[in-house]
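Hi,

Here is the structure I promised to pass on to you. Please have a look at it, and then read my notes below.

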Amino acid sequence: MSPFRTRETRSIVALLTSIFCSSSATALLTTVLGKQVFDLTGSELALGLLGLAEFAPAALLVFVTGTVADRIDRRKVAAAGLGAQAIVIAVLAWYAGTAPTSTLPIFVLVIAYGAAGAFSTPATRAMPADTVAPDRLAWLVARDTAAWQLAAIAGPVVGGFLYVVGVRVPYAFGAVLLVLGAAAITFVQPRERVTRGSKGRGGLHEAAEGVRFVRSQPILLGAISLDLFAVLFGGAVALLPAIAETRLGAGAVGLGVLRAAVGIGAGTVTLFLTVRPLARRVGRTLLVAVAAFGAGTIVLGVTRNFFVAFVALAALSGADSISVFIRGTLVPLVTPFAKRGRVLAVEAVFIGASNELGAFESGVVGQVLGPASAVIIGGVATLAIAVLWWTVFPALRDVDHFPGSVEAAPLPDEAELPERRAP
């Protein structure tokens, strides 16, 4: 084995370890915070506001975080962000043990957690494409997604059981996971580096380059905006604490099992993708997967049976994992190395908007119409979005192969790539 491949293998192991640890902590925190906030308030709207508090910093800092990820060693940016999140969770552990009666400190700390994540997310998401050659990215993204989905299984289940043991315990465990994730990511060695230094106008013009590039690429704009609007309306998972309590009669452990269904469904599909990576009809598969996500959401809203709800969650999350895999491979491949931080910061805002604003939208509708109606309406809207995007974004629909694969044409902006040098 060549020294380069040995270094690449070690980098991949370090990256996947970091992703698993940090994603487990986030999944655990989401489960425990949702349970604690709903226990304190009994309000679906509070669950929606919880998601909004985590999303807002990423939107407000988008022009800063992407530039930081492109100008500073991405490993250092990611490690610093994960370390800051560990500190926030440690403070949450302390507050949770004081028998709190107010959710205001929780929301303030969630905003701080989101601000730290706003820096670590674009840096971390750019690293798979930095670590391997373009023709191996789909291979790595499948394993990246598998690590994330495994975390989505383990995090909620562990969080639910640890919450029963003691309210501080899951938070403390999450902080340890984030410290491990921060340490692991420092061992990743990028395959190539771009010579730093701006050749453009700098300042806000440089920071906004990610937005301009996304707008100029119909495939990017279609893929990222599809996720935004589909999950914005289909954010049923945010209402799981209410659905588990009021419709399914499940407690903290049952809630953890339902959240684990999300990881089980997605993990099963992701494992299949590691064996049989998607290679043809990429665009059409993405749109069909989003439609399937909407159908599963509708079933979840209709049922009162715990088993059916479990299966629906597994099915919709399996469809979502296909979407995650396609976007995770497609977006970095059509983005030049030097712009990845800024483009992925924009994508992170879109993803955050879809997940966190989707949680807020579901919370508002759930407060007015009830959680079941909110979930059903969201599923119908997601189906409509998939049909609309099929027509509005033909460039996305007609993508057959991933750029950079053996069968595909050259990257659309290959001529504009900056000079690179070996590390």
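**What I found**

Let me start with Ala90, which lies in helix α4; helices (H or I, at least four residues) and strands (E, at least two) are DSSP runs, numbered from the N terminus. Ala90 is partly exposed, with a relative accessible area of 39%; on this scale buried means under 20%, exposed over 50% and partly exposed in between, with a 1.4 Å probe and protein chains only. The C-alpha atoms of Ala90 and Tyr171 are 6.6 Å apart, although 81 residues separate the two along the chain.

A word on the source: this is a predicted model, where local features need pLDDT of at least 70 and side-chain atom pairs count only at pLDDT 80 or more, while totals for chains, interfaces and linings use all residues. Residues are numbered from 1 along each chain as its sequence is written, and side-chain values use heavy atoms, with hydrogens and water left out.

As for the whole protein, its secondary structure comes to 17 helices and two strands. It has 423 residues, of which 57% count as buried. Among contacts (heavy atoms within 4.5 Å) with a separation of 6 or more, 88% are between residues 24 or more positions apart.

Next, the helix pairs. Two packed helices are described by the angle between their axes and the distance between the axes. The axes are lines fitted to C-alpha atoms, for helices over the stretch in contact, and angles run from 0 to 180 degrees between N-to-C directions.

Take helix α13 (residues 282-302) and helix α14 (residues 306-333): their axes come within 8 Å and cross at roughly 160°. That makes α13 roughly antiparallel to α14, since angles under 35 degrees count as roughly parallel, over 145 as roughly antiparallel, 65 to 115 as roughly perpendicular and the rest as oblique. The crossing of α13 and α14 is left-handed, meaning that the near helix is turned anticlockwise from the far one by less than a right angle; clockwise would be right-handed. In the contact of α13 with α14 there are 15 nonpolar, four polar and one charged residues. Here Ala, Val, Leu, Ile, Met, Phe, Trp, Tyr, Cys and Pro count as nonpolar, Asp, Glu, Lys and Arg as charged, and the others, Gly among them, as polar.

Helix α3 (residues 62-71) and helix α5 (residues 104-131) have axes that come within 9 Å and cross at roughly 45°. That makes α3 oblique to α5, and the crossing is right-handed. On the α3 side Val64, Thr65, Val68 and Ala69 take part, and they meet Ala118, Phe119, Pro122 and Ala123 in α5. By class, this contact has seven nonpolar, one polar and no charged residues.

Which residue lies in the loop between α4 (74-96) and α5? That is Ala99, whose phi is near 55°, a positive value in a residue other than glycine. Ala99 is exposed, with a relative accessible area of 63%.

Lastly, there are two aromatic pairs. Rings of Phe, Tyr and Trp (its six-membered ring) pair if their centres lie within 6.5 Å; planes under 30 degrees apart count as stacked, over 60 as edge-to-face and the rest as tilted. Trp94 and Tyr95 form a tilted pair, 6.4 Å centre to centre with 50° between the planes. Trp94 is exposed at 53% relative accessible area, whereas Tyr95 is buried at 12%. Trp389 and Phe393 also form a tilted pair, with 5.6 Å between centres and 35° between planes. Both Trp389 and Phe393 are buried.

Enjoy exploring it!
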